[in-house]
Amino acid sequence: MINTPKNRAISRRTALRGIAGAGAVGLTFNMTKAFAASHTGTVNFYNWDTYIGETTLDDFTAATGIEVQYDLFADNDELFAKLKNGNPGYDLIVPTNDYVEQMVEAKMLTELDHSKIPNMANLDPDFLDPAFDPGRKYSLPYMWGSIGIGYRKSAVSKEPDSWADLYTSDEYAGRMAMLGNGQTVLQMALKLMGKSLNDWSDENVAAAEAMLIAQKSRITAFAPDNGQDLLLAGEVDLAMEWNGDILQVMDEDDDIGYVIPKEGGLLWEDTLCVPVGAPNPEGAHALINYLLDAEVGRDLAEFIYYGTPNAAAKALTSEEYRENPAIFPPAEAVALSETSVYPGQEIVQMIDAAWTRVKAAG
Amino acid sequence: MESWRRSLPVFGAFAGPTTLWLLIFFLIPLGIIWTYSFGENVSLTEIETTWTTSNYARIFEPEIITLFWRTVKLAGIATVICLLIGYPVALVIATADQKWKPWLLLVIILPFWTNLLIRTYALLNILGARGRVNESLRWVWEQFDALFNTLGIDGAMLIGERFQPIGFLGTEMGVVIGLVYVHLPFAVLPIYSALERMDRSYLEASMDLGAGQFRTFFLILVPLTSAGLVTAAIITFIPALGSFLTPDLLGRGQVDMIANVIERQFKRANDWPFGSALSLFLLYITFIVLAIRAVIDMQAAKGRRA
């Protein structure tokens with residue numbers, strides 16, 4: 001069964017963010033169960049919210065006899081912090097590309113045994129040798145997407161096809177939202193400056209920081225991750241956001257569009273990884289292989305509505321999904337965009353200091 | 001009266017669990033954070049305690065000082081407003097009829113029965129550009145606009161071409177409203193209890209001797225309940241200093257307080273030593289506030305003796 005987009009009430013990057021921000025407990029509400037059940041025959045799967053098909057895991061259990069214990073995290077930082085002092089019992093996790101690099105550096109990931117994942121053959125060859133994980137030793141692609149600008153068509157004079165509309169122009173003062181993640185916000189400033197979004201030289205950071213401090217008063221919100229809600233509610237007309245989040249509100253409102261600016265945006269990829277200390281790596285490999293199956297991949301992609309890197313699965317999907325430019329952006333936009341490279345701990349802290357200065361500015 | 005020294009087992013049975021709880025869940029974790037604050041990141045996952053003071057030195061960078069100042073300022077303003085609103089409310093409850101008192105107190109503590117996150121989202125709903133407050137104002141604006149139109153007056157001069165919603169969210173005002181809303185019950189209760197304990201005959205004496213309502217309030221009532229006021233101020237100010245959720249949601253990333261920086265150190269920046277130093281610095285500010293209180297108490301005690 002193919003779900004209608006209306007069923008996708010909330011996207012995975014949004015759902016638990018507010019609660020996580022509160023530092024509230026209970027995100028991993030069934031952890032004790034997860035610990036208790038970590039014998040052979042159970043895979044402990046730690047994933048983003050609303051990032052799996054309705055019946056995917058039950059079907060997997062029916063097909064293989066392996067139970068799945070499913071747990072949710074709200075963002076990569078939570079995932080990293082949870083594993084920082086040792087793996088509490090997870091077999092399969094879903095970090096984003098730059099966090100794969102960070103976790104490899106921290107020796108948190110095990111090498112995958114490709115011989116146990118024959119469905120790797122289904123993957124689009126473009127995804128088989130990324131810079132963040134050469135040869136796919138530690139990670140396999142799950143879904144991918146972009147960061148661009150969501151906008152209200154009736155409220156803009158023209159399509160906001162440049163980051164300048166958000167970062168330097170005053171045309172939409174008081175009607176703009178940016179993401180709350182300092183690194184990403186500074187990276188798009190780098191794109192506007194014509195630099196690589198991974199070029200963290202001191203001059204670049206200083207220039208991006210100055211640009212944001214100058215623009216800050218015109219920005220309505222550095223949205224923890226609800227820019228799409230502000231856009232839908234009419235509180236802002238421009239929102240820098242994840243494509244999946246904008247897609248979600250595009251379903252509800254035809255007046256909302258999504259564009260990757262002409263300077264290029266950010267491409268991200270969420271991946272399937274097995275953390276060090278996984279009690280059941282065999283089961284994790286079986287689940288990875290199952291998720292990369294063509295038909296399973298099709299159902300998954302059409303349900304969660306993110307871009308699938310699975311060529312065999314994509315070939316089976318509906319035209320409505322396959323031809324959606326907000327899921328699969330035009331080739332030129334992809335060519336101009338970049339993936340974020342993990343810059344190392346020192347640079348991460350330098351970026352945070354710059355972001356704190358932006359936050360402190362009056 | 002029985003001294004606790006003479007019945008150690010009983011005393012131990014009562015004090016033991018609490019002490020153990022404090023030790024395991026408060027003092028030991030605090031000690032760990034304290035050692036982290038003198039540590040350095042040696043890898044992505046390891047912190048080595050080298051007794052460096054560089055984490056504390058970083059607190060004196062201008063942006064951190066700015067954020068600490070903003071934190072103290074917003075918490076301070078919220079505290080003053082809480083006292084100004086809380087005092088009359090406490091006075092009404094304290095002087096109310098006995099049968100109403102429990103109900104009035106219940107109304108004050110009722111918000112605690114709802115999760116802070118949900119209450120904050122409710123405030124978002126009320127204060128937003130399309131929120132209840134602004135929609136009500138919009139309605140009023142439309143009535144005036146219609147009135148001016150029928151009268152043939154050019155109203156644009158008086159009320160603007162179109163309705164401009166008040167931007168509460170993402171401003172310091174919005175954060176202060178949120179802080180006052182969250183902390184007001186904390187201010188009311190200690191003032192109420194001070195008013196309850198006070199001997200009412202002082203007020204009667206003051207009025208009998210010719211002081212008016214106004215003078216009685218400021219010269220008799222307020223000084224007599226000053227202990228309650230100080231407690232209310234402290235119990236409001238200290239939690240407000242550590243507010244995270246209110247600036248995060250109502251401030252919309254535009255009005256960060258220090259707790260928002262601390263959160264980032266433990267997550268995004270992965271710099272637990274600096275985050276620990278910031279947390280402890282906040283604790284030191286708390287100690288200073290408590291020390292000021294102790295000095296006030298001591299002077300009050302001296303005053304009574306004199």
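Helix 5 (residues 116-127) of chain B packs against helix 8 (residues 172-197) of chain B at an angle of about 135°, and their axes are 11 Å apart. Axes here are lines fitted to C-alpha atoms over the stretch in contact, with angles running from 0 to 180 degrees between N-to-C directions. Helix 5 of chain B is therefore oblique to helix 8 of chain B; angles under 35 degrees count as roughly parallel, over 145 as roughly antiparallel, 65 to 115 as roughly perpendicular and the rest as oblique. The crossing of the two helices is right-handed, that is, the near helix is turned clockwise from the far one by less than a right angle. The residues that make the contact are tabulated below.

| Helix of chain B | Residues making the contact |
|---|---|
| Helix 5 | Leu116(B), Thr120(B), Leu123(B), Leu127(B) |
| Helix 8 | Gly174(B), Ile177(B), Gly178(B), Tyr181(B), Val182(B) |

Residues are in contact if their C-beta atoms, placed from the backbone, lie within 7 Å. Of the residues in this helix contact, six are nonpolar, three polar and none charged. Ala, Val, Leu, Ile, Met, Phe, Trp, Tyr, Cys and Pro count as nonpolar, Asp, Glu, Lys and Arg as charged, and the others, Gly among them, as polar.

The model is predicted: local features need pLDDT of at least 70 and side-chain atom pairs pLDDT 80 or more, while totals for chains, interfaces and linings use all residues. Residues are numbered from 1 along each chain as its sequence is written, and chains are lettered from A and ligands numbered from 1 in the order in which they are written.

Chain B has 14 helices and two strands, which are DSSP runs (H or I, at least four residues, for helices; E, at least two, for strands) numbered from the N terminus. The C-alpha trace of chain B spans about 85 × 65 × 35 Å along its principal axes. Among contacts in chain B between residues at least 6 apart in sequence, 71% join residues at least 24 apart.

Tyr87(B) lies in helix 3 (residues 62-95) of chain B. Tyr87(B) is buried because 22 other C-beta atoms lie within 10 Å; the cut-off for buried is 20 or more, with C-beta atoms placed from the backbone. Buried residues make up 29% of the 306 residues in chain B.

At the interface, 30 residues of chain A are in contact with 26 residues of chain B. Helix 16 of chain A supplies the largest share of the chain A side, eight residues. That side divides into twelve nonpolar, ten polar and eight charged residues.

Technical notes:
Two residues are in contact if their C-beta atoms, placed from the backbone, lie within 7 Å. A residue is buried if 20 or more other C-beta atoms lie within 10 Å of its own, exposed if 12 or fewer, and partly exposed in between; C-beta atoms are placed from the backbone.
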